[in-house]
Each structure stands twice: as structure tokens, then as C-alpha cells.
Amino acid sequence: MIPKLAVLQKIVDAGLVAVVRAENADQARKIADACIKGGVAAIEITFTVPGAVDVIKELANTYKSGEIIIGAGTVLDPETARAAILAGAQYVVSPSLNVETVKLCNRYQVPIMAGAMTIKEIVEAMEAGSDIIKIFPGESMGPTFVKAVKGPLPQAPMMPTGGVSLDNVAEWIKAGCVAVGVGGNLTAGAKKGDYESITAIAQQFIAKIREARGQK
């Protein structure tokens with residue numbers, strides 16, 4: 001098992017999490033392969049995916065060497081979080097704050113990203129022990145929200161999901177986000193079997209993130 005700090009560092013270094021709503025394990029695996037080629041550090045299998053636990057388990061067994069970090073998304077309660085962790089999930093993402101879920105993840109030293117969309121919720125998530133704050137829904141908030149939050153809360157580690165595109169990813173990073181979560185704007189090609197497009201778009205996202213950070 002990869003240590004918690006190493007998982008978080010890998011996600012932050014690459015700056016991109018692919019949010020996957022695949023139709024089955026085979027499609028999820030092909031998306032993962034395409035993401036690896038594009039430089040994506042982590043993929044998030046949401047619990048809206050049919051048989052999500054089995055998909056996570058298969059991916060965790062396939063990518064044992066840490067080629068890509070496998071996470072569980074849309075986790076609403078500690079029962080689901082524990083099932084995901086037992087299946088091999090290396091981090092957990094929730095659309096909102098559930099304190100018991102955060103406690104469980106911290107108990108087993110698995111990174112947790114709890115969702116928030118107000119200053120109050122962000123502070124509560126940090127106090128509860130969330131490692132990264134998922135700004136959700138991102139399209140409703142925008143990069144200016146993150147920049148505003150960084151005024152009173154410069155220590156808040158934020159990652160938006162929803163509304164992140166190639167056109168605005170640099171704005172999110174420059175506003176102070178430690179990473180971004182991208183779903184359909186990255187993985188849409190899977191529906192047509194066009195996995196090469198996922199690799200190409202991932203490479204563009206990574207390049208724009210590095211440029212926004214001032215990295216070569």
C-alpha cells in the first residue's frame with residue numbers, strides 16, 4: 001500500500017485527477033491506460049458506476065505498481081468508504097462533508113477529499129481532517145471563488161471538480177488550487193471508443209497546469 005503522504009504528493013505534483021463514470025470495468029481500465037499515457041496521476045471511480053466496488057478492485061489489482069492512483073468518488077458515508085478501501089481504493093472523494101467518513105479514512109490513513117462550496121463548509125472540512133477540499137460544483141463557483149477564499153484561508157488546499165476545462169484550468173491553478181478534477185471534458189472520448197483523445201487531452205491539461213505553475 002502506498003503511504004498516504006505519497007498518494008497526496010503524487011496527485012498534487014501532477015495536478016490532475018480524472019473523474020471516471022465508466023459503463024463497466026473494461027471501459028474504466030481502458031480510460032486508466034489512456035490517462036497513464038497522458039501523465040494523469042490519479043483516476044476517481046465514482047459510486048454512480050454500476051458495480052463500482054468491483055471496478056475499483058479490478059483496477060487496483062491491475063495497477064499494483066502505482067502507475068496510477070485509484071480512488072473512489074461520490075462516497076456519501078463511512079460504509080461505502082470502507083468498502084472502497086477494502087477493494088483497493090487509495091483515496092476517497094465525497095461531494096460533501098460527512099464527518100464519520102473523514103474519521104474512517106483518517107483511521108486507516110487513506111487520503112480524503114470532502115466537498116464544500118462555502119467558507120463555512122471549507123473550514124468545517126479542514127477542522128474535521130479532510131486532506132484536500134473538493135470545491136463542488138466547480139462550475140457554480142469559478143476560479144474567482146478560490147482566489148477569494150485564499151484571502152482569509154491561504155492554508156486551504158482546494159481542488160475543484162466540475163466546470164474545469166482546457167480553457168480555464170490555468171485560471172484555477174493560478175487562483176491557488178493544488179489540483180483539479182476533470183470528468184467529461186477529459187474522458188468523453190471513451191463513449192465512442194476514442195481512447196487516444198483522452199491521452200491527448202490529458203497531455204494538454206498537464207502542460208497547461210505546469211505552465212500555470214511556472215514549471216518547464
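This is a predicted model: local features need pLDDT of at least 70, side-chain atom pairs count only at pLDDT 80 or more; totals for chains, interfaces and linings use all residues.
User: Let's start with H11. How many residues does it have, and how far does it reach?

Analyst: Helix H11 covers residues 195-213, which is 19 residues, and from its first C-alpha to its last it reaches 27 Å, close to the 27 Å expected at 1.5 Å a residue.

User: And just after H11, which residue takes a positive phi?

Analyst: That is Gly214, whose phi is about 80°.

User: Which residues of H11 are buried?

Analyst: The buried positions are Tyr195, Ser197, Ile198, Thr199, Ala202, Phe205, Ile206, Ile209 and Ala212.

User: Switching to the core, then. How many residues are in the largest nonpolar one, and which have the most contacts inside it?

Analyst: The largest nonpolar core has 66 residues, and those with the most contacts inside it are Ile43, Ile45, Leu59, Ile122 and Val180. The largest share of this core, 7 residues, comes from H11, the helix whose buried residues include Phe205, Ile206 and Ile209.

User: Take Ile45. What is it in contact with, leaving aside neighbours within four places in sequence?

Analyst: Ile45 is then in contact with Val20, Ala28, Ala52, Val55, Ile56, Leu59, Gly71, Ala72 and Gly73. One of these, Leu59, is itself listed with Ile45 among the residues with the most contacts inside the largest core.

User: What does the second, separate core look like?

Analyst: That second core has 12 residues, including Val7, Ala42, Ile132 and Ala179.

User: On to aromatics. How many aromatic pairs are there?

Analyst: The count comes to 0 aromatic pairs. Rings do take part in contacts with charged side chains, however: the charged end of Arg82 sits over the ring of Tyr108, 3.9 Å from its centre, and Lys134 lies over the face of Phe136, at 4.6 Å from the ring centre.

User: And salt bridges, how many in the whole structure?

Analyst: A search of the whole structure finds 6 salt bridges. One of them joins Lys120 to Glu124, with the closest N and O atoms 2.6 Å apart.

User: Which salt bridge does Arg29 form?

Analyst: Arg29 is bridged to Asp26, and their closest N and O atoms are 2.7 Å apart. These two are 3 residues apart in helix H2, so about one helical turn separates them. Arg29 is partly exposed at a relative accessible area of 23%, and Asp26 is partly exposed at 33%.

User: What about Lys103?

Analyst: The side chain of Lys103 meets that of Glu100 in a salt bridge, at 3.5 Å from N to O. The pair lies in helix H5 (residues 99-107), 3 residues apart and therefore separated by about one helical turn. Lys103 is partly exposed at 43% relative accessible area, and Glu100 is also partly exposed, at 43%.

Terms used: Residues are numbered from 1 along each chain as its sequence is written. Side-chain values use heavy atoms; hydrogens and water are left out. Helices (H or I, at least four residues) and strands (E, at least two) are DSSP runs, numbered from the N terminus. The expected span of a helix is 1.5 Å times one less than its number of residues. Buried means under 20% relative accessible area, exposed over 50%, partly exposed in between (1.4 Å probe, protein chains only). A nonpolar core is a set of buried Ala, Val, Leu, Ile, Met, Phe, Trp, Tyr and Cys residues joined through side-chain atoms within 4.5 Å. Contact means heavy atoms within 4.5 Å. Rings of Phe, Tyr and Trp (its six-membered ring) pair if their centres lie within 6.5 Å; planes under 30 degrees apart count as stacked, over 60 as edge-to-face and the rest as tilted. A charge sits over a ring if NZ of Lys or CZ of Arg is within 6 Å of the ring centre and within 35 degrees of the ring normal. A salt bridge is a side-chain nitrogen of Lys or Arg within 4 Å of a carboxyl oxygen of Asp or Glu.
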